[in-house]
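Grab a pencil and work through these exercises with the structure open beside you. Try each task before you read its solution.

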Amino acid sequence: DIFNSLGTAVLYYDHNGGLVNYNMMARALLPELSVRLKRFQEFISFVFEHSLDITEQKDLASTLQTSQKLPAFCEIIRLSDHHFYMVRAMIQLNKSTIVEIFDISQIKNDTDNIKLLDRDNRVLSRAIHSSQKGIFIAGNDDEKRIIFVNKSLDISFAKENQSILGYRLNSFLSTYFTDQWDAISQAIEDRKDGQFWQKINIQDDSPKWLLLSLSAEIKPDNENAIIGFISDETINKRNEQHVLQTQKMDAIGKLAGGVAHDFNNILSIIEGYVRLSEVAIKRGEDISENFLRIRTAVKRGSGLTRQLLLFGKHRVTESEIVNLCAQVQDVESFLEPLLGVNFKVQIRMPDHALFIRASGDAISQIIMNLVINARDAMEGVGNVSIRISEESDDQGNLRAILKVIDTGKGIEEAIIGKI
């Protein structure tokens, strides 16, 4: 009864090594007891046939603690039911042997899980510390101290070789992200994610572009740490500026070709009226009309120069009252050389003047930029429509509407949210 009430399988071998007794749990666990395990030596052979390798046993050694006396031997075995058992054989004073068999499957599974978790943690740690992006984690309490930083962040921002670990997050970010600090602090307070750009100097005089990606949302599992990634985007920014400059130079080249043609026409007009004036002077005729036409041609040439300067961003004009419709008509002659022969331009506008307060040169620049973007959005051929209209707002005030529409495929959904 005592044997059967125990929570473990128990076997009893006498001093001659013969099997004397065993409980019901042992019989259920080892059906072969009455066939091949009658002798202690046979039992030992059975144990070693099912024993785990020495590596697995060492991993379990620190987990399986016992307060009992050291047994004659202790082995870990795996039986046909895929469970793991610890076998302890304890020699008694009368030379008999008591064998206990414990089910340690849960302990073995826990140990394996710990090993896998430890391995994953080591891999993750190597990945985090080898990342070129700076990574930090800060507590989401009142102090918001930084509780983790990777090597990249420490190398970039540590002062006098002193780690920023333990710094208050607010002090750290406000020192470097000065322009964006108000937006960053608001995002942290509101527990919202966000991305923030900052141009700074770090450790040397060369300017750097930094991008802070912040994750401060409240998570359902209550793990509300603030996680941040800081990356040096200087090279990407320079490449982006280089691409933009290349596109602008390409556009200027095409624009200059059209402008050169217009300038040639203007010079021909001026030269023609100068010759007419020379003849008229010899005849004593009035040449004031010729001078008015020359002045008109010169004004148009000045406008062409002004457009080129504005396109290159070399001058800024002040706002004034301008006719939006007339402004679009003035820039129309620039659009065909910008677009090329494979693109058509259509302009729709009211018959009457539509006056607005703006920089006329800036309006022309905006139209040309939008048309260039429209051209780049189409695959080698297409139509661009420029439409001007007016409408009233909720207070009854009239507003001018300028639209540039192209026949391109449009902006991808993955990109349009970033504009």
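This is a predicted model, so keep that in mind as you go.

**Exercise 1. Find the contacts of Ala187 beyond its sequence neighbours, then decide whether Ala187 is buried or exposed.**

Solution. Step one: skip the neighbours within four places in sequence, and Ala187 is left in contact with Lys192, Phe196 and Ala216. Step three: check the accessibility. The relative accessible area of Ala187 is 9%, and buried means under 20%, so Ala187 is buried. Step four: look along the chain to Leu214, which is 27 residues away from Ala187 in sequence, while their C-alpha atoms are separated by 8.4 Å.

**Exercise 2. Work out how H8 and H9 pack: at what angle, and how far apart are their axes?**

Solution. Start with the numbers: the two helices pack at an angle of about 155 degrees, and their axes are 9 Å apart. Angles over 145 degrees count as roughly antiparallel, so H8 is roughly antiparallel to H9. As for handedness, H8 passes H9 in a right-handed crossing.

Next, who makes the contact? From H8 come Leu169, Asn170, Leu173 and Ser174, and from H9 come Trp181, Ile184 and Ile188. Sort them by class and you get five nonpolar, two polar and no charged residues.

Finally, zoom in on one of them. Ser174 sits in helix H8. Its relative accessible area is 28%, so Ser174 is partly exposed. From Ser174 to Ile184 is 10 residues in sequence and 8.7 Å in space, C-alpha to C-alpha.

**Exercise 3. Which residues touch the most other members of the largest nonpolar core, and which elements give two or more residues to this core?**

Solution. First the residues: this core has 24 of them, and Phe136, Leu169, Phe172, Leu173, Ile184, Leu212 and Ile230 touch the most other members. Then the elements. The helices that give two or more residues are H7 (151–157), H8 (169–176) and H9 (181–190). The strands that do so are E6 (134–138), E7 (146–149), E8 (194–201), E9 (207–215) and E10 (226–232).

Now follow Leu169. Setting aside neighbours within four places in sequence, Leu169 is in contact with Phe136, Ala138, Lys144, Arg145, Ile146, Ile188 and Ile226. Apart from this core lies another one, of 21 residues, including Leu37, Phe43, Ile44 and Ile101.

**Exercise 4. Compare Lys95 and Lys144: what is the phi of each, and is each one buried or exposed?**

Solution. Lys95 has a positive value, near 75 degrees, and Lys144 has a positive phi of about 50 degrees. Where are they? Lys95 lies in the loop between strand E4 (84–91) and strand E5 (97–103), whereas Lys144 is in the loop between E6 and E7. Now the accessibility: Lys95 comes to 59%, so it counts as exposed. Lys144 comes to 15%, so it counts as buried.

**Exercise 5. Step back to the chain: how many helices and strands are there, and what percentage of the residues is buried?**

Solution. Count the elements and you reach 14 helices and 15 strands. Of the 419 residues in the chain, 34% are buried.

How values were computed
Residues numbered from 1 in each chain as written. Predicted model: local features only at pLDDT ≥ 70, side-chain atom pairs only at ≥ 80, totals over all residues. Heavy atoms only, no water. Core = buried A, V, L, I, M, F, W, Y, C linked by side-chain atoms within 4.5 Å. Buried < 20%, exposed > 50% of the residue type's maximum accessible area, 1.4 Å probe, protein only. Helix = DSSP H or I, 4+ residues; strand = E, 2+ residues; numbered from the N terminus. Contact = heavy atoms within 4.5 Å. Axes fitted to C-alpha atoms, helices over the stretch in contact; angles between N-to-C directions. Parallel < 35°, antiparallel > 145°, perpendicular 65-115°, else oblique. Left-handed = near helix turned anticlockwise from the far one by under 90°. Nonpolar A, V, L, I, M, F, W, Y, C, P; charged D, E, K, R; others polar.
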